[in-house]
Amino acid sequence: MNFPSDLKYMKTDEWIRIEGDTATLGISDFAQDQLNDIVFVDLPEVGTTLPTGGTFGVVESVKAASDLFSPVAGEIVEVNNLLRGTPETLNSDPYGKGWIVKLKISGDANNPDLLDAAAYEAWCKTRG
């Protein structure tokens with residue numbers, strides 16, 4: 001299992017990388033492993049505004065479908081169109097080519113529910 005230390009994580013298994021006023025969002029290695037073979041990603045439209053905790057898509061696998069939740073508020077400025085044709089990229093490269101959306105952050109990006117890599121790894125261990 002991979003838990004990059006430059007990211008923050010939500011207990012719902014999304015990760016966030018903040019660079020200036022832009023946030024890149026995706027799902028963790030733990031999440032893709034639990035889902036198994038990802039077969040579809042429902043991507044939002046560019047321009048969609050999300051509140052903190054707002055749903056920005058769905059990831060479907062052969063096992064389950066999971067909503068995706070934004071750890072910060074913002075406007076979607078880019079979606080990863082690669083995932084439309086090759087959703088399995090989330091399985092092979094969840095922190096690189098498998099990013100899902102980019103947001104222009106609005107308001108405070110300091111979500112107290114975000115975990116650092118060590119805390120998220122410990123959280124994952126409690127779940128099996």
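**Aromatic contacts and charges over rings**

The charged end of K11 sits over the ring of W123, 4.6 Å from the ring centre. Such a contact requires NZ of Lys or CZ of Arg within 6 Å of the ring centre and within 35 degrees of the ring normal. This is a predicted model: local features need pLDDT of at least 70, side-chain atom pairs count only at pLDDT 80 or more, and totals for chains, interfaces and linings use all residues. Residues are numbered from 1 along each chain as its sequence is written, and side-chain values use heavy atoms, with hydrogens and water left out.

**Charge over ring**
- K102 also places its charged end over a ring, that of W99, 4.9 Å from the centre.

**Aromatic pairs**
- Rings of Phe, Tyr and Trp (its six-membered ring) pair if their centres lie within 6.5 Å; planes under 30 degrees apart are stacked, over 60 edge-to-face, and the rest tilted.
- The count by this rule is three aromatic pairs.
- Y9 and Y120 are stacked, at 4.5 Å centre to centre and 5 degrees between the planes.
- Y9 lies in strand β1 (residues 8–9) and Y120 in helix α4 (residues 117–126), so this pair ties together parts 111 residues apart in sequence.
- Helices (H or I, at least four residues) and strands (E, at least two) are DSSP runs, numbered from the N terminus.
- W15 and Y95 have ring centres 6.0 Å apart and planes at 55 degrees, so the pair is tilted.
- F3, Y9 and Y120 form one aromatic cluster.

**Burial**
- Buried means under 20% relative accessible area, exposed over 50%, partly exposed in between (1.4 Å probe, protein chains only).
- Y9 is buried, at 0%.
- Y120 is buried, at 0%.
- W15 and Y95 are buried.
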